[in-house]
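This report describes how the parts of one protein model meet. It takes the contact inside a chain before the contact between chains.

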Amino acid sequence: MELNAKIPGGSIQEKWDRYRFDLKLVNAANKRKYSVIMVGTGLAGASGAASLAELGYQVYCYSYHDSPRRAHSIAAQGGINAAKNYQNDGDSIYRLFYDTVKGGDFRAREANVYRLSQISLNIIDQCVAQGVPFAREYSGYLSNRSFGGAQVSRTFYARGQTGQQLLLGAYQALARQIGLGTVQMFPRTEMLDMILVNGRARGIVTRNLVTGEVRSHLADAVVLATGGYSNVFYLSTNAKACNTTAIWRAYRRGAGFANPCYTQIHPTCIPQSGDYQSKLTLMSESLRNDGRIWVPKQPGDTRTPPQIPESERDYYLERIYPSYGNLSPRDIASRRAKEAVDQGRGVGEMKNGVYLDFAEALKRLGNTVIGERYGNLFEMYERITGENPYEVPMRIYPAPHYTMGGLWVDYNLMSTIPGLYVIGEANFSDHGANRLGASALMQGLADGYFILPYTIGDYLAQGKFERIDSGHAEVRAVEDETRQRYQKLLSINGKRTVDSLHRELGKIVWDYCGMGRNDAGLKKALEQIPKLRDEFWHNVRVPGSGDSLNQALEKAGRVADFFEMAELLCRDALAREESCGGHFREESQTEDGEARRDDARFAHAAVWEFTGVDKAPTRHVEPLNFEYVKPATRSYK
Amino acid sequence: MLINLTLHVWRQKGPKDNGRFVTYPALQINTHMSFLEMLDVVNEQLMEKGEEPIAFEHDCREGICGSCGVMINGLPHGPNPMTATCQLHMRYFKDGDEIWIEPWRAKAFPVLRDLVVDRSAFDRIIQSGGFISANTGNAPEANAMPIPKQIADRSMDAAVCIGCGACVAACPNASAMLFTSAKVTHLGLLPQGQPERYERVQRMIARMDQEGFGNCSNHGSCEAACPVGIKVDFIARLNRDLLKAKLCGAGTPSAV
Ligand SMILES: Cc1cc2nc3c(=O)[nH]c(=O)nc-3n(C[C@H](O)[C@H](O)[C@H](O)COP(=O)(O)OP(=O)(O)OC[C@H]3O[C@@H](n4cnc5c(N)ncnc54)[C@H](O)[C@@H]3O)c2cc1C
Ligand code: FES
């Protein structure tokens with residue numbers, strides 16, 4: 001597997017401009033002769049599909065949702081970063097670049113991150129032009145807030161529904177193209193495999209989720225914008241249907257999978273309330289601006305919060321990190337919460353949370369001010385837990401939230417398969433080992449609106465695409481394989497439901513490859529996962545048939561891929577014998593429990609190549625060079 | 001706390017089949033569960049017996065994606081105001097309750113299976129004009145045009161619609177006016193939305209009619225059912241825009 005990142009030459013400031021000039025252009029009149037498949041209609045996919053169609057390409061667009069507007073991007077709450085420096089507080093493209101490289105714990109590609117920071121400016125302009133109703137000041141100008149511990153206010157937001165508003169903007173741009181007939185939309189259509197012809201990505205095999213029809217779709221290039229894989233943990237903040245199938249199937253056909261072990265655990269989610277729990281709900285991180293995090297000093301303390309005097313409380317983040325305190329970065333806040341719960345100091349009925357307490361802020365600022373800031377979040381919390389945060393402290397616990405790993409892509413966002421592009425959370429590109437708050441929305445839209453439309457043109461302009469149709473041997477072979485796989489799932493007729501197996505898989509991954517990872521645990525997981533996968537393939541029960549809407553069958557296909565993916569996740573975590581960002585190897589920590597990176601051995605992206613289901617994949621590396629931001633140890637003390 | 005319930009659930013194999021209510025016990029339901037988690041539990045039990053689970057739509061389970069939505073005892077999204085089905089928790093039910101669960105009922109939303117309906121008519125309304133035509137790259141600098149906060153806020157009030165379809169299900173005429181007016185208002189209030197304002201409203205209404213939604217007769221049940229608080233005032237605003245467009249001719253400067 002060759003890993004040529006194709007990073008252009010020149011100074012970091014000039015790379016993207018120069019590169020765009022060097023890219024081959026497709027003549028305007030010829031664009032409609034080229035077709036592109038876009039799988040996924042979240043921020044990345046919808047913005048990409050709309051922009052490609054505006055340029056004149058023929059676009060075919062797929063989503064398993066009933067409407068593009070349902071994509072998981074809709075759930076993002078907090079905001080989107082951009083280096084506009086509207087607040088005159090010293091922000092700049094360079095600072096956003098610097099913060100992102102550092103926040104990613106020096107495991108991202110500098111050139112990509114710089115380009116992302118540059119483009120952040122255009123994204124805000126574009127969204128405003130589309131009618132995204134960002135929050136504004138009384139002056140009528142756009143409002144910003146500081147987010148996720150950033151020292152400047154660069155986050156744009158639309159109440160607590162930023163993802164919704166950005167997605168609706170992209171969805172509307174896409175809807176306009178669908179109305180114009182330049183994009184053909186296939187909703188309720190799930191991609192189940194990739195088609196390569198002569199080594200190039202030329203199509204996909206899909207299943208119509210209403211009729212069950214399995215068929216192929218062909219084009220000149222394929223783009224995956226299919227989101228992240230946090231649901232490998234079963235419980236996460238992701239929407240229920242988020243899954244790894246699209247990128248996993250591409251991996252099996254030869255696309256390199258980079259850094260699967262970089263997963264982000266978000267510190268402020270509502271703890272699990274029972275075994276029936278179906279997903280975890282994120283509470284916006286902004287709550288940490290005024291809430292104080294604590295647990296009782298004594299393990300096993302069963303008193304209610306008011307009964308515990310100040311002197312018997314441990315405000316552990318304030319204690320360990322006096323300068324950042326409750327605003328310590330996500331990975332640190334998460335790990336410390338786990339530590340407290342593991343020590344038996346957890347709170348709530350199941351002893352599985354820590355307090356996020358607003359008592360002091362309420363005393364200082366009053367209910368009205370706190371209500372203005374967090375009213376809707378407090379309501380949401382009360383609706384879910386039945387507890388009123390104005391009266392009792394919230395309970396929170398970390399939960400899987402975002403996956404920095406994904407398919408490896410070069411500077412063009414092309415994977416190791418020619419003609420296969422990967423955008424948004426599905427690729428591995430810009431966040432290194434840890435993503436900063438409000439940067440995923442930015443990356444998804446940068447990829448879709450402003451990068452892919454140029455770089456894919458360069459590929460199409462060079463291509464001589466042989467005509468293929470659904471009778472082609474390669475196409476028929478992949479279609480048949482897919483049908484057989486789904487037939488097999490329906491015929492096992494065992495004793496266990498898909499969810500029960502997924503839950504069990506999730507627990508293994510969470511226990512051994514969650515917030516803390518170590519050699520022995522990962523090896524144990526690598527023994528247990530194949531056994532459970534085997535049980536899945538022999539004992540799962542999928543009722544119903546394949547020729548109609550069958551939600552159990554949809555899930556079974558996705559979980560089958562999670563079983564394979566989980567193993568790669570653990571393998572990658574085992575091979576990376578250092579701690580960095582969201583990946584914490586217990587063997588690699590300082591005396592006071594902080595992550596210890598090993599730049600000498602691991603300043604690279606690990607890229608896995610599939611070699612067969614029961615064979616070990618091959619690990620390749622893309623070395624990372626830091627010319628501008630010199631690797632240093634993060635310190636938040 | 002644990003409670004026992006009796007569910008009467010609409011089961012329908014496919015769009016062309018006849019449906020009927022089937023009764024299932026839901027036993028030992030923890031009141032901390034969400035309504036959908038309760039259905040998950042019932043489905044797990046059905047599948048363990050080899051029966052097909054009840055199909056229902058859901059995804060985010062946070063009240064934002066608009067996927068979920070069923071009639072619960074005759075009310076869209078159930079008894080709690082401003083709450084989508086996925087956000088409804090079982091503590092609002094009592095031990096021994098009987099619960100009737102049905103899909104949205106509207107000609108424009110055909111049932112696909114059990115509780116799942118086809119809401120693609122909403123997408124086609126948006127495709128007909130629910131956008132601002134700003135190609136990627138067209139945009140001027142974002143702060144070049146200040147927008148009064150009150151206007152931006154009001155536009156946001158309309159923009160929060162999640163497209164779930166509860167308004168249609170609640171309406172005795174199965175009208176899509178609340179949904180359509182929310183988009184017309186969101187875009188029509190903003191300066192960027194002005195050039196296409198009158199054209200937009202006419203096209204969206206034409207499409208709405210074509211999809212088989214009913215007329216609005218000012219019942220107001222849509223507002224009561226909306227999980228995110230979209231107001232019927234927006235319908236009045238839409239009607240004013242529509243009238244203006246018809247009187248002055250859409251797209252002409254006089255309409256502005
Ligand atoms: C609760 C929550 C809050 C968040 N808040 C923020 C925030 O404040 N700021 C921020 O920057 N980021 C935030 N994030 C992260 C951010 O929302 C996501 O990373 C981002 O939206 C992902 O966008 P995407 O376009 O890559 O994928 P998605 O939005 O997940 O879209 C994936 C698309 O692919 C389709 N798809 C997937 N697989 C297939 C298949 N096999 N066949 C057909 N279609 C398929 C789906 O239907 C969907 O359309 C948050 C995430 C969560 C979970
Ligand atoms: S599942 Fe998304 S709104 Fe209910």
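How much area do domain 1 of chain B and domain 2 of chain B bury between them, and what percentage of it is on carbon and sulfur atoms? The two domains bury about 1,300 Å², with 68% of it on carbon and sulfur atoms. The model is predicted.

## Two domains in chain B

Chain B is divided into domain 1, residues 2-112, and domain 2, residues 120-248. Taken over C-alpha atoms, the centres of the two domains of chain B are 29 Å apart. Domain 1 of chain B brings 17 residues to the contact, and domain 2 of chain B brings 19 residues.

## What lies between the domains

Of the area that domain 1 of chain B buries against domain 2 of chain B, 36% is supplied by B:M82, B:A108 and B:F109, more than by any other three residues. On the side of domain 1 of chain B that touches domain 2 of chain B, 11 residues are nonpolar, four are polar and two are charged.

## Chain B against chain A

The other interface joins two chains. In it, 76 residues of chain B are in contact with 74 residues of chain A. Chain B and chain A bury about 6,300 Å² between them, and 51% of this is on carbon and sulfur atoms. On the chain B side, B:D59, B:E62 and B:T136 lose the most area to chain A, and together they account for 11% of what that side buries.

## Polar links and elements between the chains

The rule finds five salt bridges across the interface of chain B and chain A. A:R188 forms a salt bridge with B:E57, with the closest N and O atoms 2.9 Å apart.

Several elements of chain B each supply at least two residues of the side that touches chain A, among them the helices α1 (35-48), α2 (120-127) and α5 (177-189) and the strands β6 (111-113) and β7 (116-117). The largest share, seven residues, comes from α3(B), which spans residues 149-159. By class, the side of chain B that touches chain A has 34 nonpolar, 21 polar and 21 charged residues.

Conventions:
Residues numbered from 1 in each chain as written. Chains lettered and ligands numbered in written order. Predicted model: local features only at pLDDT ≥ 70, side-chain atom pairs only at ≥ 80, totals over all residues. Heavy atoms only, no water. Contact = heavy atoms within 4.5 Å. Buried area = accessible area lost by both parts, 1.4 Å probe. Salt bridge = Lys/Arg side-chain N within 4 Å of Asp/Glu carboxyl O. Helix = DSSP H or I, 4+ residues; strand = E, 2+ residues; numbered from the N terminus. Nonpolar A, V, L, I, M, F, W, Y, C, P; charged D, E, K, R; others polar. Domains from an automatic or database assignment.
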